[in-house]
Amino acid sequence: MSDSTSVSEYEQIAACVGLAAVAAAFAGAAPTGTGWWDPVLRALLAGVFVRAAASASWRPVIVAAAVAMLGVGTLGWLT
């Protein structure tokens, strides 16, 4: 018995990509220093990374997350 109101995996991934893009657009990072381009760049990059992680196996995602967490500590943001 199929439920017509169920959400497909594609719709779930699309929702996660959209939420990540919106959250990244409002983040405080300024990779280029250009006021209008930075939110667009952050949103696009976040969307691409979330979509790539959604289709990857879990091992590369864990390795990428671990490398990113190591980079946060070395940049002095947490000190």
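**Entry 1: Arg42**

I began with the side chain of Arg42, where a polar atom lies 3.2 Å from the backbone oxygen of Ala27. I took a polar contact to be a pair of N or O atoms within 3.5 Å; within protein, one must be able to donate a hydrogen and the other to accept it, and residues adjacent in sequence count only if both atoms are side-chain atoms. I note at once that this is a predicted model, in which local features need pLDDT of at least 70 and side-chain atom pairs count only at pLDDT 80 or more, while totals for chains, interfaces and linings use all residues. Residues are numbered from 1 along each chain as its sequence is written, and side-chain values use heavy atoms, with hydrogens and water left out.

I located Arg42 in helix α2. Helices (H or I, at least four residues) and strands (E, at least two) are DSSP runs, numbered from the N terminus. Arg42 is buried and has no salt bridge. For burial I used relative accessible area: under 20% is buried, over 50% exposed, and in between partly exposed (1.4 Å probe, protein chains only). A salt bridge requires a side-chain nitrogen of Lys or Arg within 4 Å of a carboxyl oxygen of Asp or Glu. Which side chain of opposite charge is nearest to Arg42? I found Asp38, 4.8 Å away. For charge, Lys and Arg count as positive and Asp and Glu as negative; His and the chain ends are not counted.

I then listed the contacts of Arg42 (heavy atoms within 4.5 Å). Leaving aside neighbours within four places in sequence, they are Ala24, Ala25, Ala27, Ala29, Ala30 and Pro31.

**Entry 2: Asp38**

I turned to Asp38, which also lies in helix α2. Asp38 is buried without a salt bridge, and its nearest side chain of opposite charge is Arg42, at 4.8 Å. Beyond four places in sequence, Asp38 is in contact with Ala29, Ala30, Pro31, Thr32 and Gly33.

**Entry 3: helix α2 and the whole chain**

I looked up the extent of α2: it covers residues 37-55, 19 residues in number. From first C-alpha to last it reaches 27 Å, close to the 27 Å expected; the expected span is 1.5 Å times one less than the number of residues. The buried residues of α2 are Asp38, Leu41, Arg42, Ala43, Ala46 and Gly47. What covers them includes α1 (9-25).

For the protein as a whole, I recorded three helices and zero strands, in the order α-α-α. Of its 79 residues, 13% are buried.

I checked Ala24, a residue of helix α1. Ala24 counts as buried because its relative accessibility is 15%. Ala24 touches Arg42, Ala43 and Ala46, residues up to four places away not being counted. The C-alpha atoms of Ala24 and Ala46 are separated by 6.4 Å, although these residues stand 22 apart along the chain.

Arg51 is another residue of α2. Its relative accessible area is 40%, so Arg51 is partly exposed. With the same exclusion of residues up to four places away, Arg51 touches Ile13 and Val17.

**Entry 4: aromatic rings**

How many aromatic pairs are there? I counted one, taking rings of Phe, Tyr and Trp (its six-membered ring) with centres within 6.5 Å; planes under 30 degrees apart are stacked, over 60 edge-to-face, and the rest tilted. Trp36 and Trp37 form an edge-to-face pair, 5.6 Å centre to centre with 65° between the planes. Trp36 is exposed because its relative accessibility is 62%, whereas Trp37, at 32%, is partly exposed.
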